[in-house]
Amino acid sequence: MSEPKSAQGLTTAQAQKLLVANGHNVIDEEKKVQPWKILFEQFANWLVVMLLVAAVISFFLGEIVETTVIVLLVVLSALLGFYQEYQAEKSLQELRKLVAFKSRVLRDGVWQTIASKKLVVGDVVKLRIGDLVPADILMTEVDGLSANESTLTGESVPVEKRVEDKIFMGTSVASGLGIGEVVATGKSTKLGELSKDLEKKAPQTEFQKQTKNFSKLIFQMTAVMTIFVFIASSLNEKSFFDAFFFAVALAVGMAPELLPAIVTITLSHGARAMVKKKVIVKRLIAVENLGNVDTLCSDKTGTLTRGSFALVGYRSLKVAGDEQLLMKSLLCSDNFINQSSDALATPVDEALWKAAASKKHQARLKTYKKLDQNEFDYDRRRMSVLVTNRKEKVLVVKGAPSSILSCSVLVKDENRIVKLTEKLNKEIKNLVAEYEKHGVRVIAVAERDFHLDKTTAADEKNLTFLGLLLFEDPVKSSAKEAIAQLRSLGVEIKIISGDSLPVTHAIANQAGIKVGTSEVIHGDVLAKLTAKEFEQHVIKYNVFARVTPSQKYQIVMALNRKKHVVAFLGDGVNDAPALKAADVGISVDTGAQISKEAADIILLKKDLKFLADGIVEGRKTFGNIMKYIFNTISANNGNMLTVTLASAFLKFIPMLPSQILLNNFISDIPLLAVATDRVDPHFTSKPKRWNMKKIWIFMMVFGLLSTFFDLFLLLPMIFVWKVSPEIFRTAWFIESSLSEILITFSIRTKLVFFKSVPSWLLIGLSLFSSLLIVGLPILGIGQKMFEFVDIPRQIWLWIGLGLALYFLCAEFLKRIFYRYFED
């Protein structure tokens with residue numbers, strides 16, 4: 001396809017004026033963090049609404065101080081949750097800005113690469129295979145162009161595009177290339193008009209489902225026990241309203257209403273930590289999913305190898321260093337085809353041009369003119385370009401040796417052109433195999449004389465085989481260490497390569513994945529297997545060679561069916577199906593646009609070490625979320641059981657509604673720091689999943705322990721010291737609040753507590769909350785607003801003894817518990 005003959009595109013000044021007038025080329029630019037919505041969500045809880053209604057009724061009954069205190073505590077809790085969630089959402093929005101899509105556009109008569117969101121109507125844009133179409137474009141030139149329009153129509157079969165056809169924003173280029181003029185941007189595009197209808201909520205992950213189910217069950221338990229407490233309190237109380245108020249406040253205090261906020265905050269903290277590890281999260285829940293990964297499927301190029309090819313040799317059948325071969329290779333390269341500043345060459349072509357710089361070929365290249373081209377695709381495994389100079393018009397073809405040989409009938413033998421006999425064909429194949437055995441990547445080059453000015457892929461026949469280009473992509477010095485780190489994290493690595501079996505085998509062994517030739521499976525073998533055999537081979541083999549894009553998808557699906565949590569790392573044009581099928585799709589910032597769009601996570605650098613670091617951060621995030629859950633189910637359910645038992649025989653409300661809410665508010669403050677807490681190394685050493693049996697047994701064991709030490713205080717106060725209701729409430733407030741904070745430092749680790757150092761923020765907020773708990777009952781403001789009273793010295797001592805024994809018993813039970821439930 002030739003360059004546009006008339007269109008010169010817009011000038012920078014014209015484009016800037018249109019950008020200011022019409023806005024950025026985006027559909028959802030208005031979707032910003034909305035503070036009012038996050039604040040409203042803090043009150044969107046039926047328990048909180050009931051409590052506020054009860055507070056209003058209490059106000060009209062004359063309980064002004066208590067009403068004011070309760071409303072103030074509810075508002076403070078909401079503001080605390082709002083601040084944390086708002087900061088988390090802002091952080092995620094900043095992370096998304098790091099993943100930008102770019103387009104090739106003709107500005108000021110020069111091809112250049114700009115951010116797609118800066119496109120305006122009238123821009124001339126170049127499209128090629130793998131591109132996401134950045135706007136609605138009227139095609140002015142096409143060459144084998146087709147588009148996958150499934151995002152708009154649901155049809156996965158590519159649609160052929162001709163001159164004057166439109167290609168729409170959000171679709172992707174399935175084949176060929178084209179040039180066209182932008183006719184609509186942003187919300188004016190077809191995708192923009194349909195965006196409301198096309199919006200689909202992402203399917204819930206297993207973690208989200210389990211979190212939702214857990215919350216639902218806890219709320220159901222809380223509701224049942226709250227009703228019992230309400231009935232029991234009503235029977236013992238003169239005031240029906242006080243019993244109702246107490247029961248609702250208790251439900252608010254005991255329900256895990258902070259769980260969604262804790263999950264968001266912790267995932268956001270994990271996402272920010274991943275940025276420092278060169279890992280960008282597009283979807284927040286992917287942080288946790290990455291931590292659960294037990295199988296990684298990845299190509300070798302750029303992961304095991306450096307991804308920067310070097311031309312180490314070029315030769316015809318008999319002559320090493322054939323300069324004419326190198327010259328023809330340069331003609332069939334992205335850098336020659338896109339001579340302006342397209343600068344999006346393949347690693348192979350970049351290596352060719354580096355070699356050309358040292359060989360002084362630029363002057364000779366200027367004598368050639370490109371007439372037309374046929375883009376590379378994965379079925380043909382070759383590309384071609386039609387060029388001319390004063391002496392000749394020739395079609396140069398470059399690609400996989402087997403592909404080129406299948407189209408060749410002649411071969412250059414020294415200075416002669418001879419028939420490509422079966423013997424010469426075998427000689428070339430043996431030569432290729434010998435190079436590939438040592439990890440050298442081999443590209444073949446051929447040509448044929450031509451007489452027309454246009455060409456199609458069907459013209460790639462009756463070729464003259466010119467020779468071989470030899471490239472090396474050295475294994476990264478960090479590859480062995482990264483693979484060892486991934487394996488130490490319990491992640492199995494499967495290398496899925498499009499390269500030949502010998503090259504893939506050699507690179508895998510150099511990188512520390514020790515496999516014999518028989519332990520590498522070829523895509524041709526996979527193609528002949530039944531579905532059941534395919535699954536068996538996917539589990540058996542860890543290195544796959546000459547795999548097609550559709551087989552990559554099939555491998556991921558087979559692993560999913562075997563209940564593996566799969567991450568797929570791919571940055572190629574045809575990797576999108578496998579990326580979407582994987583539990584965690586991972587692409588690279590320099591990858592094809594369609595692969596970045598399909599991915600959940602973007603690596604700023606294609607290196608397994610950064611991915612291993614990201615997995616560790618994901619597991620830390622999951623670990624800290626579980627700390628909150630364990631704290632909630634042990635303390636809250638223990639307290640709820642205590643209240644249920646106490647309500648059966650007490651003649652007064654065990655704790656005032658304002659005291660319950662204060663307890664809930666103060667004890668929640670340290671838990672907001674759980675996202676920053678350190679996670680023990682043993683916890684990150686293998687994948688983690690929800691274990692409901694473990695959670696329920698933990699709740700029973702530590703909930704009962706909490707209840708036992710609540711009663712350790714309450715029973716002597718009732719039957720021995722026979723304290724007043726005011727002393728009873730004050731003492732229990734102090735004990736229950738401090739115990740919930742204290743127990744965090746035991747259950748946050750399976751180790752003895754002093755062998756695992758908490759984060760300084762967790763320590764600081766815990767000390768701050770503890771001072772409030774101890775200080776408010778003895779200060780005038782606490783006694784006035786919350787009806788606290790001074791408590792006798794022996795009760796202070798008894799509380800201290802109970803807390804110490806509670807902590808020691810928790811440490812003991814923890815060791816027994818983790819014998820049966822290893823992390």
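Predicted model: local features only at pLDDT ≥ 70, side-chain atom pairs only at ≥ 80, totals over all residues.
Helix 26 covers residues 692-719, which is 28 residues. From first C-alpha to last, helix 26 reaches 39 Å. At 1.5 Å a residue, 40 Å is expected, so the span is close to that figure.

Look at the start of helix 26. Asn-691 has a side-chain oxygen within 3.3 Å of the backbone nitrogen of Lys-693.

Next, the loop that joins helix 26 to helix 27, residues 725-747. Lys-722 lies in that loop. What is the phi of Lys-722? It is near 50°, a positive value, and the residue is not glycine. Most residues other than glycine have a negative phi. Is Lys-722 buried or exposed? Exposed, at 65% relative accessibility; the cut-off for exposed is over 50%.

There is a second case, back at Asp-108. Asp-108 is not a glycine either, and its phi is positive at about 55°. Where is Asp-108? It sits in the loop between strand 1, residues 102-107, and strand 2, residues 110-115. Asp-108 has a relative accessible area of 44%, which makes it partly exposed.

On to the surface. Four residues are listed in a nonpolar patch: Leu-39, Val-71, Val-75 and Leu-79. Together they have about 260 Å² of accessible area. Which helix gives the most to the patch? Helix 4, residues 64-97, with 3 residues. Leu-39 comes from helix 2, residues 35-41. Leu-39 is partly exposed, with a relative accessible area of 31%. Patch residues need over 30% relative accessible area, so Leu-39 passes that cut-off.

Asn-663 is in helix 25, residues 657-671. Its relative accessible area is 7%. Buried means under 20%, so Asn-663 counts as buried. What does the side chain of Asn-663 contact? The side chain of Ser-736, through a polar contact of 2.8 Å.

Lys-722 has a positive phi near 50°, and Asp-108 has one of about 55°. Buried Asn-663 makes a polar contact with Ser-736.

How values were computed: Residues numbered from 1 in each chain as written. Heavy atoms only, no water. Helix = DSSP H or I, 4+ residues; strand = E, 2+ residues; numbered from the N terminus. Polar contact = N/O pair within 3.5 Å; in protein donor to acceptor, adjacent residues only side chain to side chain. Buried < 20%, exposed > 50% of the residue type's maximum accessible area, 1.4 Å probe, protein only. Patch = residues over 30% accessible without salt bridge, like charges linked within 9 Å, V, L, I, M, F, W, Y side chains within 5 Å. Areas by Shrake-Rupley, 256 points an atom, 1.4 Å probe, with all protein chains shown as cover. Salt bridge = Lys/Arg side-chain N within 4 Å of Asp/Glu carboxyl O.
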